[in-house]
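Subject: Structure for you to look over

Hello,

Here is the structure we talked about handing over, with the sequence alongside. My notes follow below it.

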Amino acid sequence: MPRTQYDDCWLRYDRVSEDQRESYRRRLKHAYVAEESPECSAVRDELREAIPGLLGEDVHLWQHRPETVDGFLAIGTPGDMEVIKESIPDGAVDDLDDDGYLIRSVEYEGQDCLVVTSGADQGLVYGTFHLLRLLNMGEAIDEIDVREEPAYANRVINHWDCPFRRTVERGYAGESIFDFDRLPDLRDRYEDYARLLASLGINGVVLNNVNTEYYPRGSTNEASQAFDGWRLLESRRLEDLTSLASVFRRYGIQIYLSVNFGAPKRIGDLDTFDPLDEDVREWWRQKADEIYDLIPDFGGFLVKADSEGQDGPYNYDRDHVEGANALAQALEPHGGRVWWRAFVYGSHEDRAIQAYDTFEPLDGDFAENVTVQVKNGPIDFQPREPVSTLFGAMPETDLGLELQITGEYTGQGVHATSHLPMWKEILEFDTHADREGSRVQDFFRGDGEGVVGVTSIGEDRTWTGHYLMQSNLYAFGRLIWDPDLDAETITDEWITQTFGADEEVIDTIREILLDSWEACVDYETGGLGLIHMMHNGQEYLENHYDPAPEEWPGYHCASEEGIGYDRTSTGSGYAQQFREPVASRFEDVETCPEKYLLFFHHLPWDHELEDGTTVIQRLYDNFYDGVEEAERLRDLWLSLEGKIDDRRFEHVATRFDEQVHQAEKWRDVITGYFYDFAEIEDEQGRVP
């Protein structure tokens with residue numbers, strides 16, 4: 001597909017208003033950019049792309065300081081150019097980390113100058129994109145003074161792409177953008193994708209699925225194998241990856257690989273993958289040496305082990321520390337890191353408690369270059385669930401927070417469901433782990449820690465399968481750069497850069513996005529903390545799109561007596577994994593927040609809530625309210641006809657029709673299912 005057929009997302013660079021153009025022209029028409037690194041080359045290319053769109057005229061790129069113009073843009077480190085060294089105070093750049101940057105309006109020898117500087121070349125990339133974001137939004141730059149550093153050292157995208165089938169597990173935007181069989185040949189789309197990630201401050205990308213091996217149910221035929229990402233560790237495949245690494249390197253982004261823990265046996269010549277076997281450890285050392293000879297800035301490995309059929313240290317009665325540290329010792333000489341997923345379940349009746357029981361006792365035993373990657377909640381990216389109890393429970397271990405950008409349980413690229421309000425709720429949750437005010441977002445600020453997102457990207461022209469769902473990728477990047485940014489600010493940034501500065505458009509789309517998550521929670525779950533009521537399908541690759549509460553009775557525990565899962569001290573005990581006073585708040589049915597009530601408590605259908613409404617009536621009301629809200633959001637979008645280009649307007653309108661239809665389906669199936677148990681009429685006579 002030609003590059004022109006892909007959407008530009010938020011990098012549209014539309015013409016700025018006449019009010020700003022003269023100010024911008026004086027400081028942007030001429031640019032003096034350092035030239036020594038791949039990152040600076042990417043900066044120059046982005047200016048060539050952006051400035052003509054913003055100003056309506058080409059940028060003049062100088063190889064030295066321009067002396068005969070009224071003003072110019074200077075981008076480089078203090079060591080690159082005298083103008084920056086003399087105009088930025090001593091020490092101002094030295095205090096920044098490598099990804100941080102300064103943007104300042106200064107006067108230099110009578111010229112109006114705009115300076116973007118950093119102590120490292122990747123900081124220049126992020127600083128340039130920050131400046132272009134401000135320009136795209138029409139912000140004044142005459143007296144600009146910006147100092148930025150990311151909250152988290154590691155800001156990583158996880159692809160669940162299956163390399164040699166070009167399928168994407170939980171992907172709803174077409175096939176994988178990566179054509180591994182054609183590497184080392186490159187596509188324009190790889191660079192466009194790197195640009196999108198760099199504009200958000202992303203600095204790492206895992207290229208392939210954490211499920212590196214899977215046989216469809218009932219099949220033992222290797223030809224039918226759906227996931228074969230383990231093959232990327234083969235020598236010929238590693239050589240192919242060098243070209244892809246070079247594209248991302250220009251934008252300050254490291255590549256990582258998901259690896260199969262059984263690789264020493266699968267692609268090596270060993271008959272074991274026991275992590276304590278010295279031949280196995282030597283195999284990993286040699287494989288790491290081979291990778292770093294080809295890709296010196298390789299980020300490391302992501303590992304899903306002993307979970308959902310993946311090989312792991314349990315095959316040899318070893319624990320997760322022994323497994324993770326075996327790989328870590330191979331990567332350590334090269335500065336590489338192991339991201340070891342904590343998504344394990346199967347040995348406990350309640351999935352929620354297993355990650356804590358498995359990993360908390362291992363705190364302090366993992367190697368320094370191991371990060372334990374923890375999903376935001378204890379189950380599986382549900383529309384709403386409490387936060388993982390591991391946050392704050394492993395102070396001696398580097399932790400990573402795993403969020404899901406793709407909409408596996410929130411409409412799968414068909415429903416307009418913003419994840420930003422959900423992520424804000426997660427990040428701002430007070431765990432009381434150290435003291436009052438120990439928010440989730442505070443636990444990932446070490447050098448080996450960070451936040452990762454399971455991506456929504458695919459080959460579809462929209463990138464995400466839905467024009468409005470580009471907002472989730474944008475929001476993820478902005479939020480993990482600065483988790484204190486509010487949802488309205490991030491949302492308005494995305495809308496303005498994507499749809500323009502019309503205030504009615506901004507206000508309307510903001511309302512749609514910020515109200516969409518609660519609507520989804522209501523029409524899919526009833527809003528009281530219920531989870532996992534969707535159709536699972538006959539194959540692992542089938543999605544979770546349709547309602548089917550009868551398939552997952554162990555999660556909602558509906559019966560004639562009541563509904564909800566007892567996770568208090570009289571049940572599975574999950575509530576007790578939290579620190580006080582959180583544990584007591586969840587333990588007590590009178591103080592448990594209503595939004596989590598049935599996650600922690602099994603209650604009679606006629607149990608009265610604080611306002612006197614019964615549990616079953618609140619469920620009825622919430623399901624119906626969710627559908628009404630979906631209809632309202634659709635009407636809001638339709639009100640923008642004529643203010644949005646036809647392609648995007650019709651695309652989103654069609655998906656809203658499907659969203660409303662699907663919301664009605666979830667409402668009708670689940671309320672009918674609950675009624676069959678409760679045999680209590682809806683007070684408003686709506687439930688069949």
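To start with burial: 64% of the 688 residues of the protein count as buried. Please keep in mind throughout that this is a predicted model.

Overall form

The secondary structure comes to 19 helices and 18 strands. Along the principal axes, the C-alpha atoms fill a box of roughly 85 × 65 × 50 Å. For 688 residues, a compact globule would have a radius of gyration near 26 Å, and the protein agrees with that because its own value is 26 Å. Among contacts with a separation of 6 or more, 73% are between residues 24 or more positions apart.

The protein exposes about 24,900 Å², and carbon and sulfur atoms supply 41% of that area.

Cysteines

How many disulfides does a search of the whole structure find? The search finds 0. Cys40, for instance, is in no disulfide, and the nearest cysteine sulfur, that of Cys113, is 18 Å away. Cys40 is also buried, since its relative accessible area is 1% and the cut-off for buried is under 20%.

Backbone points to check

Most residues other than glycine have a negative phi, and most peptide bonds are trans.

The bond from Leu183 to Pro184 is cis, with omega near 10 degrees. Pro184 sits in the loop between strand S9 (167-168) and helix H5 (188-199). Glu580 and Pro581 are also joined by a cis peptide bond, with omega about 5 degrees. Pro581 is in the loop between strand S17 (562-563) and helix H16 (582-587).

The other two entries concern phi. Cys9 is not a glycine, yet its phi is positive, near 55 degrees. This residue is in the segment before helix H1 (18-28), and Cys9 is buried, with a relative accessible area of 2%. Gln412, likewise not a glycine, has a positive phi of about 55 degrees. Gln412 is in the loop between strand S15 (398-404) and helix H11 (420-427), and is buried at a relative accessible area of 5%.

Gly229 is in the loop between strand S10 (204-206) and helix H6 (235-249). Is Gly229 buried or exposed? Gly229 counts as buried because its relative accessibility is 4%. Leaving out residues up to four places away in sequence, Gly229 touches Pro163, Asn208, Thr212 and Ser258. Phe649 is 420 residues from Gly229 in sequence, and their C-alpha atoms are 38 Å apart in space.

Ala153 is in the loop between strand S6 (145-148) and strand S7 (154-158). Ala153 counts as partly exposed, because its relative accessibility is 30%, which falls between the 20% and 50% cut-offs. Its contacts, apart from neighbours within four places in sequence, are Asp99, Asn203, Gly446, Asp447 and Glu449. Between the C-alpha atoms of Ala153 and Tyr675 there are 50 Å, with 522 residues separating the pair along the chain.

Gln662 belongs to helix H19 (residues 646-678). At 2% relative accessibility, Gln662 counts as buried. What does Gln662 touch, not counting residues up to four places away in sequence? The residues are His415, Tyr545, Asp546 and Pro547. From Gln662 to Pro296, 366 residues apart along the chain, the C-alpha separation is 48 Å.

That is what I have on this structure.

Regards

Conventions:
Residues are numbered from 1 along each chain as its sequence is written. This is a predicted model: local features need pLDDT of at least 70, side-chain atom pairs count only at pLDDT 80 or more; totals for chains, interfaces and linings use all residues. Side-chain values use heavy atoms; hydrogens and water are left out. Helices (H or I, at least four residues) and strands (E, at least two) are DSSP runs, numbered from the N terminus. The radius of gyration is taken over C-alpha atoms; the globule rule is 2.2 Å times the number of residues to the power 0.38. Buried means under 20% relative accessible area, exposed over 50%, partly exposed in between (1.4 Å probe, protein chains only). Contact means heavy atoms within 4.5 Å. Accessible areas come from the Shrake-Rupley method with a 1.4 Å probe; for residues, only the protein chains shown count as cover. A disulfide is a pair of cysteine sulfur atoms within 2.5 Å.
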